[in-house]
Amino acid sequence: MSKRTAKLAVVTGVALLALSACSSGGSGGSGDGGGAEGAIPLGYTATLSGDFASYGLEMREGIDLAIEEINADGGVLDRELTLEGVDDEGKPANGPVIAQEFCDNADIPVVLGFSFSSVALSGLPIYTQCGLPIIASAVTSPELSGASDIFFRTVFTDAYQGAEAAKFIAENRGVKKVAVLYQQDDYGKGVADAFTEGIEKAGGTVTSSQAYQLGTVNFASTVDTALKDDPDAVFIGGFYTEAGKIVNQVRDAGSDVPIFASDGAASPLFIELAGDNAEGVEVYSAFSASDDSPEAAEFVEAFTKKYDKEPSSWAALAYDATYIAAQAMETAGSTDRAAVTEAIAATEGFPGVSGEISFDDEGNRVGNLTFQRIEDGAFVVIKE
């Protein structure tokens, strides 16, 4: 038994005691899930093609590794896990279609994934109607908080992340004036609003706040506006694709202003896009491959061995989600959707590779962000 699975067994035992007096009845699912039945298929949906496929593909790598490990240690309820993956193409219109497909497959006890909050939100009513629980790993919109009793996430919300980023920068970097740039969608605006509120609460000022469209290439006028008021720092709330271009164009403008970015930039592809200009940029996320905790170190070693590269935050969050799903089925002693949902909701102090994981009563993760600086072309945890 691996150290990872041994910890899963211990946590599952504790959760079983906590739930022993609770009812686990309900509709949906595939019976009691015991015995030598067929494999248990987990649903997986994310954006797996196009410009923003990186998050979905990285999550898939984390899930595949977790499933491989779990199956090697006997599976779940003496059954192997498999994955039923669907590319949602990042289109909200595809959310309900995929949700219905997964709901109609009574063998699926839980769904993982989601790259875009808009896709998760569009399909959520259908998942709720059929009682199929979701453990998401990359969608951060506050609109998903408490939106359904079957929705949980291992990633932190925009509101929490933006506020924590502002607190960190104000307290540890002496920043008073910040120019904010954010992508024009729920994610970017949610992070920017929370960050702005946090900076102002700390006595600072947002010198300018500008939205930009996904796919933008030329940020010359945006960068000029951001720099004209001589800010102490620039904060970018957006994905790595545009964040990398913004960083390059800020440096091309001759500015050495400190740059901070949201978890959307916490991808190796951001470093590839920004090149040497990425050096010194600070970001936050739930995980760093340089984390020296035993859980993280063991995961990084296994992931690197399998894929010949270090894992991203998205791979780690999806890996943790898979183990939480496995724990929930073991705790429930069943693949019944209602019982699995109840067990997921009871998750507390799960020893994830991205840190301890608990869920509040709105399905949001409770825990701490990891702040990182890019040094010598790699994300390094900030410890000072």
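1. Which residues of α11 and α12 meet? Ala-328, Met-329, Thr-331 and Ala-332 of α11 are in contact (heavy atoms within 4.5 Å) with Ala-339, Val-340, Ala-343 and Ile-344 of α12. By class, this contact comprises 7 nonpolar, 1 polar and no charged residues.

2. This is a predicted model, in which local features need pLDDT of at least 70, side-chain atom pairs count only at pLDDT 80 or more, and totals for chains, interfaces and linings use all residues. Residues are numbered from 1 along each chain as its sequence is written, and side-chain values use heavy atoms, with hydrogens and water left out.

3. On confidence, pLDDT (the predictor's confidence in each residue, from 0 to 100) has a mean of 91 for the protein chain, with 90% of the residues reaching 70 or more. Over residues 10–36, pLDDT stays under 50; the model has 48 contacts beyond four places in sequence for this stretch.

4. Gln-161 belongs to helix α5, a DSSP run (H or I, at least four residues) that spans residues 158–172. Leaving out residues up to four places away in sequence, Gln-161 touches Thr-140, Phe-156, Asp-263, Tyr-284 and Leu-369. Its C-alpha atom is separated by 8.4 Å from that of Ser-285, 124 residues apart along the chain.

5. Apart from its neighbours within four places in sequence, Phe-195 is in contact with several residues, among them Gly-162, Ala-163, Ala-165 and Ala-166, and also Phe-235.

Key
Helix = DSSP H or I, 4+ residues; strand = E, 2+ residues; numbered from the N terminus. Nonpolar A, V, L, I, M, F, W, Y, C, P; charged D, E, K, R; others polar.
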